[in-house]
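The stops below go one selection at a time.

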Amino acid sequence: SNRVGLSINDSSSPAATVRSHESIKLHMKPAIVKWRHNETLSMKIRKQILHFLDAERDISVLKGTLKPGDIIHYIFDRDSTMNISKNLYELLPRTSPLKNKNFKTCAIVGNSGILLNSGCGKEIDSHDFVIRCNLAPVEEYARDVGMKTHLVTMNPSVVQRAFEDLVNDTWKDKFLQRLKSLNESILWIPAFMAKGGEERVEWVNDLIIKHHINVHTAYPSLRLLHAVRGYWLTNKVHIKRPTTGILMYTLATRFCNRIDLYGFWPFSRDLHQNPVKYHYYDSLKYGYTSQAGPHAMPLEFKALKNLHLQGALKLTVGKCE
Ligand code: CTP
C-alpha cells in the first residue's frame, strides 16, 4: 500500500508521531471524510475550557493589576525575573481587547509550509476573525495565506529570528513596516513566559510608542499557560509547553462559534510524501527548539485531529477549493 512515510525525527515525542501518522493515513483523506460542524460539541468544549480559563480575561494583563516597577517571575523560568517598565505599563490595555466579542467564524493560521500552494488565502480571509502567529509575513504569500489579520502573536524571539535583532536601520524599518501593516489589530506578546526576551519586548514597546503604531497590544496573563495545560491534561493530552497554535485554539473557543485551522502540519512530508517546509516563509528546520523549549507539536496535532474528526474544529491540510 502507499504508506505515508513521515520521519519520526520531527518531534521531541516520537511515540506520538508514529501513532498520529498511522491515524492520519486512515482518516485525513479529504475524499473519505466529509466534515461537518458539531455545534453542540463546540459549545461543550467552550464550557469545559471556561472552567480553566476565560479568554476574555486571560488574553491580557490589564492596567489596573500591575504598576511600573513591579517584578514578575517568568512562567517557564521561575528563578528569573523581569521588571514592568514604564513603556510596558503604558501599553497594557485598560479593558480586555476581547471584551464582549463573539464571532461566527474564526481562522487560526499556523505557520507550517503545508500552506504553500494551498490557494487558501481567500477562504482564510472569508472568516470574521483571523488569528496569525509570530508576525508571519502575509503580503508575499497572500494567495496561500490571505491578508486579513485581527490578532497576531509575537514571541520575543521573533525579533531575533525574523528581524535580525533590529541591528541596523534596514531591519528596524522592515520591522516597523510590519507593525504598521497591522493597523487596528491585536498584537499579542507573551512577555512573561520565558526569560531572555525582556530587551526585545522593550525595543518593540518603544517603537510602538515612538511611532504611534496603531495596534492593540496584549500581554497574556500569568495564569494562562497553567490553565491551558490544565485543560488539556484533564483531556489526557500531556502538553508541557503549549505551542502558540494550541494556545490560540484554546483561547478562541471562548469567542468563536466555529474554528477553522490552517497551516497546522508539524511533519516534514505531506500525505503524498512531498517535502513540507517547517515554516511557509523561512528556512527554519524541523527539530528547531525555541527559547520556550521543545514543543510536542505532533502530540498537539493528534489532539486537534481528533477534534476535527468529531466536528469540533476544522483542520485544512491540503488545498482549498
Ligand atoms: N505549526 C504547525 N506545524 C508547523 C509549524 C507550526 O502545526 N510545521 C503550528 C504550531 O501550532 C505553532 C504555530 O503553527 O505554534 C505557529 O508556528 P510557529 O511560529 O513556529 O510557533 P511556535 O513554535 O509556537 O513558536 P516558537 O518556535 O517561537 O516557540
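Select serine 60. Serine 60 is buried, at a relative accessible area of 3%. Buried means under 20% relative accessible area, exposed means over 50%, and partly exposed lies in between, with a 1.4 Å probe and protein chains only. This is a predicted model, in which local features need pLDDT of at least 70 and side-chain atom pairs count only at pLDDT 80 or more, while totals for chains, interfaces and linings use all residues. Residues are numbered from 1 along each chain as its sequence is written, and side-chain values use heavy atoms, with hydrogens and water left out.

Now show the surroundings of serine 60. The residue sits in the loop between helix H3 (55-58) and strand S1 (71-73). Helices (H or I, at least four residues) and strands (E, at least two) are DSSP runs, numbered from the N terminus. Beyond residues up to four places away in sequence, serine 60 touches Pro93, Ala218, Tyr219, Pro220 and Ser221. Contact means heavy atoms within 4.5 Å. Draw a distance to tyrosine 219: its backbone nitrogen is 3.0 Å from a polar atom of the serine 60 side chain.

**The cysteines**

How many disulfides does a search of the whole structure find? It finds two. The criterion is a pair of cysteine sulfur atoms within 2.5 Å. A disulfide is a covalent bond between the sulfur atoms of two cysteines.

Select cysteine 106 and cysteine 256. Their sulfur atoms are 1.9 Å apart. The torsion about this S-S bond is about -85°, so the disulfide is left-handed. Cysteine 106 lies in strand S3 (residues 103-109) and cysteine 256 in strand S8 (residues 256-262), so the link ties together parts 150 residues apart in sequence. Both cysteine 106 and cysteine 256 are buried.

Move to cysteine 120 and cysteine 320. Here the sulfur atoms are 2.0 Å apart. The link is right-handed, with 95° about the S-S bond. Cysteine 120 is in the loop between S3 and helix H5 (121-125), and cysteine 320 is in the segment after strand S9 (314-316), so this pair joins parts 200 residues apart in sequence. Cysteine 120 is buried, with a relative accessible area of 1%. Cysteine 320 is buried too, at 13%. Counting bonded cysteines along the chain, the disulfide pattern is 1-3, 2-4.

Then select cysteine 133. Cysteine 133 is buried, with a relative accessible area of 4%.

**The sheet**

Switch to cartoon. An open sheet of seven strands runs in the order S7-S6-S5-S4-S3-S8-S9, with parallel pairing. The edge strands are strand S7 (216-218) and S9, each pairing on one side only. Neighbouring strands are turned by 20° against each other on average, direction ignored. For such angles, axes are lines fitted to C-alpha atoms, for helices over the stretch in contact, and values run from 0 to 180 degrees between N-to-C directions.

Select S8. Five of its seven residues are buried, so S8 is largely enclosed by the rest of the structure. S8 pairs with S3 in the parallel sense over six bridges. S8 also pairs with S9, again parallel, over three bridges. Two strands pair if DSSP finds at least two bridges between them. At the S9 side, aspartate 260 stands opposite lysine 314.

Which residue in S8 is the bridge partner of isoleucine 108? It is leucine 261. In S4, the bridge partner of isoleucine 108 is isoleucine 131. S3 and S4 pair in the parallel sense over four bridges.

**The cores**

Last, show side chains. The largest nonpolar core has 54 residues; Ile108, Phe129, Trp188, Trp232, Tyr249, Phe255 and Leu261 touch the most other members. A nonpolar core is a set of buried Ala, Val, Leu, Ile, Met, Phe, Trp, Tyr and Cys residues joined through side-chain atoms within 4.5 Å. Elements that each supply at least two residues of this core include S3, S8, helix H11 (244-252) and helix H12 (297-309). A second, separate core of 31 residues includes Val158, Ile189, Ala191 and Ile213.

Notes
A polar contact is a pair of N or O atoms within 3.5 Å; within protein, one must be able to donate a hydrogen and the other to accept it, and residues adjacent in sequence count only if both atoms are side-chain atoms.
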